[in-house]
Amino acid sequence: PMTALLVVVLSVPVVGQESTRQDFEDFCKAWDGRWVCDTTLVEDDPGVGEKGDKFTEYADCKVAHDGNALICKTYGGKGCATWIVVYDAGDKQIKSLWVSSGGGVGHGTIYKRGEKWIEASRGSQADGTEQEVTFTVTITDNGITHTWAGTPVTGGKKAAEDIREWHRVNK
């Protein structure tokens, strides 16, 4: 979901989905490190590839700014992206911002539901086409595997379910 998310995020108010600073720290700890994922695109992803393209994605995620941000650089297909995650104490929400080399931008809200993480996000491609997706993230294997599952909607058209299994390479 690194590349899948890079073009699908603008501000999504998730009413009632408050998070704590500790939730944010737990999320950062879960993602801190280097990651790899084999990907098949479920829809065209401008600047990255076309529906059906297969490639390996790489992510390097670091806690930054004295623990106040998680910054992930992702690389896959023909493109790259930056994902920034922060805790907004005023809104009591974990928020994310995406920008891709293909010109996609967006924002999302992340929260915990039971043992899983949810990222609800909206954004647009470089041509203005709107996108949205809600990913459910399941963490298994003592934190070594993160499985992202969600169904993107682009320009009002629902794509196939996008399931990506990220594996920790190193912390």
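How many positive and how many negative side chains does the protein have, and how far apart do the centres of the two sets lie? I looked this up to open the notebook: there are 19 positive and 25 negative side chains, and the two centres lie 2 Å apart. In this tally Lys and Arg count as positive and Asp and Glu as negative, while His and the chain ends are not counted. I placed each charge at NZ of Lys, CZ of Arg, CG of Asp or CD of Glu.

**Ground rules**

I am working with a predicted model, in which local features need pLDDT of at least 70, side-chain atom pairs count only at pLDDT 80 or more, and totals for chains, interfaces and linings use all residues. Residues are numbered from 1 along each chain as its sequence is written, and side-chain values use heavy atoms, with hydrogens and water left out.

**Overall picture**

I went through the secondary structure and noted 2 helices and 12 strands; these are DSSP runs numbered from the N terminus, helices being H or I of at least four residues and strands E of at least two. From the N terminus on, the order is α-α-β-β-β-β-β-β-β-β-β-β-β-β. The radius of gyration is 15 Å, close to the 16 Å that the globule rule gives for 171 residues, so the protein is as compact as a globular protein of that length. That radius is taken over C-alpha atoms, and the rule is 2.2 Å times the number of residues to the power 0.38.

I also boxed the C-alpha atoms along the principal axes, and they fill roughly 40 × 35 × 30 Å. The accessible surface comes to about 8300 Å², with 49% of it belonging to carbon and sulfur atoms; the areas come from the Shrake-Rupley method with a 1.4 Å probe, and for residues only the protein chains shown count as cover. Of the 171 residues, 46% count as buried (buried is under 20% relative accessible area, exposed over 50%, partly exposed in between, with a 1.4 Å probe and protein chains only). Of the contacts (heavy atoms within 4.5 Å) with a separation of 6 or more, 47% are between residues 24 or more positions apart.

Is His 146 buried or exposed? It counts as buried, because its relative accessibility is 0%. A polar atom of its side chain lies 3.3 Å from the backbone oxygen of Ala 30.

Glu 165 belongs to strand β12, residues 162-170. I noted a relative accessible area of 40%, so Glu 165 is partly exposed. With residues up to four places away in sequence set aside, Glu 165 touches Val 36, Cys 37, Thr 145, His 146 and Thr 147. Its side chain joins that of His 167 in a polar contact of 2.9 Å (a pair of N or O atoms within 3.5 Å; within protein, one must be able to donate a hydrogen and the other to accept it, and residues adjacent in sequence count only if both atoms are side-chain atoms). From Glu 165 to Ile 139 I have 26 residues in sequence and 9.7 Å in space, C-alpha to C-alpha.

**Loops**

Which loop holds Asp 66? Asp 66 is in the one between β2 (54-64) and β3 (69-76). Its phi is near 55°, a positive value in a residue other than glycine, and at 81% relative accessible area Asp 66 is exposed. I found Asn 142 in the loop between β8 (130-140) and β9, also with phi near 55°, and exposed at 84%.

Ser 19 lies between α1 (2-5) and α2 (21-31) and is buried, at 4% relative accessibility. Beyond its neighbours within four places, Ser 19 is in contact with residues including Tyr 87, Ile 94 and Tyr 111.

Pro 152 is in the loop between β9 and β10 (153-154), and at 3% it counts as buried. Its contacts outside four places in sequence include Val 42, Glu 132 and Ala 160.

**Lys 29**

My last stop was Lys 29 in helix α2, which is exposed at 60%. Lys 29 touches Arg 168 and Lys 171, not counting residues up to four places away.
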